[in-house]
Amino acid sequence: MLNYNLASCEAASKLIRLCEAYKNKMEVDVIHGRYVIDGCSLLGVHSLIGKIVSLNPQSTDKELLQQFSNDLENIK
């Protein structure tokens with residue numbers, strides 16, 4: 001799992017755009033505590049602003065997961 005700080009509305013929007021870019025290849029779960037939210041859910045992700053969340057990309061393709069991780073680092 002990857003961690004991401006949803007410190008602002010801009011950070012949440014960047015994360016949503018990244019998850020939407022990978023939507024056809026895999027699903028990304030955004031996890032905070034017991035809540036699991038689809039990474040493409042505008043309302044769901046924005047409800048977690050101010051929190052540090054865990055991202056769980058749903059894929060077995062190691063290359064795709066590495067590419068997602070690199071893209072996540074670039075939007076921070």
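How many salt bridges does a search of the whole structure find? One, counting a side-chain nitrogen of Lys or Arg within 4 Å of a carboxyl oxygen of Asp or Glu. Before going further, note that this is a predicted model, where local features need pLDDT of at least 70 and side-chain atom pairs count only at pLDDT 80 or more, while totals for chains, interfaces and linings use all residues. Residues are numbered from 1 along each chain as its sequence is written, and side-chain values use heavy atoms, with hydrogens and water left out.

**The salt bridge**

The partners are Lys 14 and Glu 10, with their closest N and O atoms 3.4 Å apart. Both sit in helix H1, four residues from each other, or about one turn of the helix. Helices here are DSSP runs of H or I with at least four residues, strands are runs of E with at least two, and both are numbered from the N terminus.

How open are these and a few other side chains? The table uses relative accessible area, with buried meaning under 20%, exposed over 50% and partly exposed in between (1.4 Å probe, protein chains only).

| Residue | Relative accessible area | Class |
|---|---|---|
| Glu 10 | 52% | exposed |
| Lys 14 | 28% | partly exposed |
| Ile 16 | 5% | buried |
| Tyr 22 | 3% | buried |
| Phe 68 | 0% | buried |
| Ser 69 | 18% | buried |

**The core**

Now for the inside. The largest nonpolar core holds 22 residues, and Tyr 4, Leu 6, Leu 15, Val 30, Val 45 and Leu 55 have the most contacts within it. Such a core is a set of buried Ala, Val, Leu, Ile, Met, Phe, Trp, Tyr and Cys residues joined through side-chain atoms within 4.5 Å. Two or more residues come from each of strand E1 (2–6), helix H1 (9–21), strand E2 (27–32), strand E4 (51–58) and helix H3 (62–75). H1 gives the largest share, six residues.

Take Tyr 4: leaving aside neighbours within four places in sequence, its contacts (heavy atoms within 4.5 Å) include Leu 15, Val 53, Leu 55 and Leu 72. Lys 14, the salt-bridge lysine, is also among the contacts of Tyr 4.

Over in helix H1, Ile 16 touches Gly 39, Cys 40, Ser 41, Leu 42, Val 45 and His 46, again beyond four places in sequence. Its C-alpha is 12 Å from that of Ser 47, 31 residues away in sequence.

The ring centres of Tyr 22 and Phe 68 are 5.2 Å apart and the planes are at 85 degrees, so the pair is edge-to-face. Rings of Phe, Tyr and Trp (its six-membered ring) pair if their centres lie within 6.5 Å; planes under 30 degrees apart are stacked, over 60 edge-to-face and the rest tilted. The pair joins distant parts of the chain, with Tyr 22 in the loop between H1 and E2 and Phe 68 in helix H3, 46 residues apart.

**A buried aspartate**

Asp 29, in strand E2, is a curious one. The Asp 29 side chain does make a polar contact with that of Gln 58, at 3.1 Å. That term covers N or O pairs within 3.5 Å; within protein, one atom must be able to donate a hydrogen and the other to accept it, and residues adjacent in sequence count only if both atoms are side-chain atoms. Beyond four places in sequence, Asp 29 also contacts Val 36, Ile 37, Ser 54, Leu 55 and Asn 56, among others.
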